Amino acid sequence: MTKALFVVSAADHWTLNDGTLHPTGYWAEELAVPHRIFTEAGWSITIATPEGKPPTVDQLSLGIAGGMPWKRQSVQSYLHGISADLQSPASLSGVDASDFELIFYPGGHGPMEDLAYDEVSGALLAQRLSSGKALALLCHAPAAVLSTVGTDGHSPFSGRRMTGLSNREELFNRFSKKAPWLLEDRLKQLGVDYQKARLPLRPFVVVDNNLYTGQNPQSSEKLATLLVAQLSQPAVFGGSGSA
């Protein structure tokens, strides 16, 4: 059975430039949709957070920003169905990454607050990238790779092809004017070969060998479906491209 580890932010806010704490957490669709697709494929899923703290869903992702009413209702219903797992996650420091065929980071603004600076997550990401086994990060979750920068100022993700929420997409959020930093900018500063779709809010996925990234919430289904297809056929696993 294929095993997937979901590494989820434990943050319930994002500290803005003026010191205000913007309520946030994980984005509902980005956890629920891949979790459902992987479960339907027969995979076993473990959810882990920093220190095993139950994650917080960003309430904005359950409102109009989360899409059409039918979609939000479906996502909320699914999250309710896995609430027991969400309320008792594993501690990230206690999991063995080698036990899992896939490590998957859903987004939301939460990772901008905690995973971007989490040393345990940083070590896991660096090890996973070098292992050749599948690693996927969605929307804001690529912020977590900022924690992989070593004392020499280098990150193993430098030079790798990746996507993540673009500046243009972030600026659709009114509170982004007070953002301490934007993801696209930081990834480029890190030396990442950042890619994005020609139009905002469209599904877009980038694959660089064992590294899979999705640009935005709209990429949730496309990224998860691709991962199921790739991990079901080890002979064609990896490669490079975008779509």
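F104 counts as buried, at 0% relative accessibility, where buried means under 20% relative accessible area with a 1.4 Å probe and protein chains only. The model is a predicted one, in which local features need pLDDT of at least 70, side-chain atom pairs count only at pLDDT 80 or more, and totals for chains, interfaces and linings use all residues. Residues are numbered from 1 along each chain as its sequence is written, and side-chain values use heavy atoms, with hydrogens and water left out.

**Aromatic cluster**

- F104 belongs with F6, F38 and W43 to one aromatic cluster, rings of Phe, Tyr and Trp (its six-membered ring) being paired if their centres lie within 6.5 Å, with planes under 30 degrees apart counted as stacked, over 60 as edge-to-face and the rest as tilted.
- The ring centres of F38 and F104 are 5.7 Å apart and their planes stand at 85°, so this pair is edge-to-face.
- Because F38 lies in helix α1 (residues 28–40) and F104 in strand β6 (residues 102–105), the pair ties together parts that are 66 residues apart in sequence; helices (H or I, at least four residues) and strands (E, at least two) are DSSP runs, numbered from the N terminus.
- F38 is itself buried, with a relative accessible area of 0%, and W43 is buried at 9%.

**Overall fold**

- The protein has eight helices and 12 strands.
- Of its 243 residues, 54% count as buried.
- Among contacts (heavy atoms within 4.5 Å) between residues at least 6 apart in sequence, 78% join residues at least 24 apart.

Definitions and conventions:
Buried < 20%, exposed > 50% of the residue type's maximum accessible area, 1.4 Å probe, protein only.
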